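Q: I have a structure open and would like to learn how to read it feature by feature. Where should I start?

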Amino acid sequence: MSGLVGLAWASLRNRRATVLLTVLTLGLSVLLMLGIERVRQEARESFLRSVSGTDLIVGARSHPVQLLLYSVFHLGEPTANLQWDTYEKLKALPPVAWTVPISLGDSYRGYRVVGTTPAYFEHMGYAERRGLPFREGRAFAELHDAVLGADVAESLRHALGDEIVLAHGTARVAAHRHEDQPFRVVGILARTGTPIDQGVYVSLEAIEAIHLNWRGGVPMRRGAVDPARIPPELLKPKSVTAVFVGLDSRLETFTVQRVVNEYRGEPLIAVLPGVALAQLWGLMHGVERALLVAAGVAVLAALMVLLTTILSTLKERRREMALLRAVGAGPRHVFALLLAEAALLTGLGLLLGLLLLQGGLAALSPWLEARYGLFFAPGWPRPSEWALLAGIWFGGILLGLIPAALAYLRSLQDGVAVDR
C-alpha cells in the first residue's frame, strides 16, 4: 500500500504544474466552504448571545419574539409600558440579583434612544462577556449626558463633547425635536457586533426631563418648565418599556417567570432570551441553506476540475500505463494508482484549504472583532466542519473512480503483459 502511495506521489510530482493549479483551485473552494460554515456558526452563536448574562426580559404582555425585537433589537414598537411601582416590586423579589430598566420612544437621526441606568453598562453582556467596554469616555452621570453606540458614533462622525438633539418618536424624519434640552456626548462604547452598537443611551431621568413640556406628542406653548430648574420630584420615572433581569441562581428562573406571568397588577410577560432568540433565528434557516448550497456548488466545481485534470492526462499517460504493465503491474494496480492519485489530490486540496482558513483567521480576527464585532479564533475544525471535509474527500475519491475505471479498461485493451 505504501509503495502504491509513493508511486502515486511520484507521478503527481512529474506533473507538478498541473497538480499545483488543481490543488490551489480545490483549496480555495474548501476555504470558501469552511469559511461560510464558520461564519454561519459564529453568526448564530453571536446572535444567540446578544443578551449574554440576562436570565429574563420582562415587559407588557405580548408575543415573546415581539418583546425581544423591541427590547433587544430596537425593532418595532412596544405594545405598552409597565408601571414604575411594578418595576420596584419586581426588583424587590428575593431571587432577583439585579435589574436594568429601559425606556424607548425617542430617536436621534434614525437611531433609537434608550433611557436606562448606569447598571446597563455593568450588567448587559454579549458573547459570554459581562459588561460593556467603553472605547472612549464614561457612562452618563449628569442629566443631559449621552453615550453613543459604536455604529452611531462612526456613521454620524461624533466625538466626545459633541452636542446632540434628540427627536420625539422613532420616525427617521422627525417632526418634533427636543431642541430646548440638548445633550452632550460623554462616552462612546466599543463595538460589540450586537444592536447595542446602534443605540443612544441616556438616563431615565433625562427621558422624563425632555418630555416635561410635551402633551399629546407635541411641545407645550404655555406653562413650560424651565429645563435649567427642573424639580427632582418631576424626574422620577412613571413607567418603563422593559426590564432585563439577572437572578442569583438560574434554578429560580421558572419560579420568577411564573410570578411575573401571573402578576395581577397589570398584564406582564417574562421571556427567556435564549429561547426567544432561538425561535427568531429559526426564521433564517433559508438563508443558511442558501449559503451552504452556494459553497457546495463551488466545491463541486473544484472537484470537477480535479476530474477533468485526471481525465485530460489519461491519453498522455497511456504509454506510462503500458510500461507499468510491462514491469508486472496488472489492471487492478493501474486502477488503484489512479484512485490513489485522486485521493492524494483531494487530500492536498483539503489541507491547503484548512491552512488558508487558519492563516486567514489568525490575520483577520483582530480586525473583524474591532470593525464588525465578530469573534473568530483559529483552532481545530468543529465536528460539522470535519463532516464537510470528510464528505469532500470521499467525493474526490468517488469522482476518481471514473478515470481509474477508464485506465483499467484501457490497460486491458493495451495489455503488454499478462495480468497475474
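The dialogue below goes from overall confidence to helices and then to single residues.

Q: What is the mean pLDDT of the protein, and which elements have the lowest and the highest values?
A: This is a predicted model, so the predictor's confidence in each residue comes first. The mean pLDDT of the protein is 82, and 83% of its residues reach 70 or more. Among the elements, strand β14 (residues 218–219) has the lowest mean pLDDT, 61, while strand β8 (residues 145–148) has the highest, 97. Over residues 416–420 the pLDDT is below 50, and this stretch has 10 contacts in the model beyond near neighbours in sequence.

Q: How many helices and strands does the protein have, and what share of its residues count as buried?
A: There are 13 helices and 17 strands. Of the 420 residues, 47% count as buried.

Q: Where do the buried residues of helix α8 lie around the axis, and what do they pack against?
A: In α8 (residues 253–261), Thr253, Val256, Gln257 and Val260 are buried. They are on the same side of α8 because they cover an arc of only 105 degrees around the axis. The buried residues of α8 pack against β1 (56–60), α4 (84–91), β16 (242–247) and β17 (268–271).

Q: How are two packed helices described?
A: The description uses the angle between their axes and the distance between the axes. Here, α3 (residues 64–71) packs with α9 (residues 273–281) at an angle of about 95 degrees, and their axes are 9 Å apart. Angles of 65 to 115 degrees count as roughly perpendicular, so α3 and α9 are roughly perpendicular to each other.

Q: Which residues of α3 and α9 meet?
A: From α3 come Pro64, Val65, Leu68 and Leu69, and from α9 come Pro273, Ala276, Leu277, Gln279 and Leu280. The residues of this contact divide into eight nonpolar, one polar and no charged.

Q: What is Thr22 in contact with?
A: Thr22 lies in helix α2 (residues 16–48) and is buried, with a relative accessible area of 5%. Beyond its neighbours within four places in sequence, Thr22 is in contact with Leu306 and Thr309.

Q: Where does Glu179 lie, and is it buried or exposed?
A: Glu179 is in the loop between β10 (167–168) and β11 (183–189). Exposed means over 50%, and Glu179 is exposed at 53% relative accessible area. Glu179 and Ile210 are 31 residues apart in sequence and 9.2 Å apart in space, C-alpha to C-alpha.

Q: What is the phi of Arg109 and of Arg157?
A: Arg109 has a positive phi of about 50 degrees although it is not a glycine, and it lies in the loop between β3 (96–108) and β4 (111–116). Arg157, also not a glycine, has a positive phi of about 55 degrees. Arg157 is in the loop between α6 (150–156) and β9 (163–164) and counts as exposed, at 76% relative accessibility.

How values were computed:
Residues numbered from 1 in each chain as written. Predicted model: local features only at pLDDT ≥ 70, side-chain atom pairs only at ≥ 80, totals over all residues. Heavy atoms only, no water. Helix = DSSP H or I, 4+ residues; strand = E, 2+ residues; numbered from the N terminus. Buried < 20%, exposed > 50% of the residue type's maximum accessible area, 1.4 Å probe, protein only. Arc of directions from axis to C-beta. Contact = heavy atoms within 4.5 Å. Axes fitted to C-alpha atoms, helices over the stretch in contact; angles between N-to-C directions. Parallel < 35°, antiparallel > 145°, perpendicular 65-115°, else oblique. Nonpolar A, V, L, I, M, F, W, Y, C, P; charged D, E, K, R; others polar. pLDDT = per-residue confidence, 0-100.
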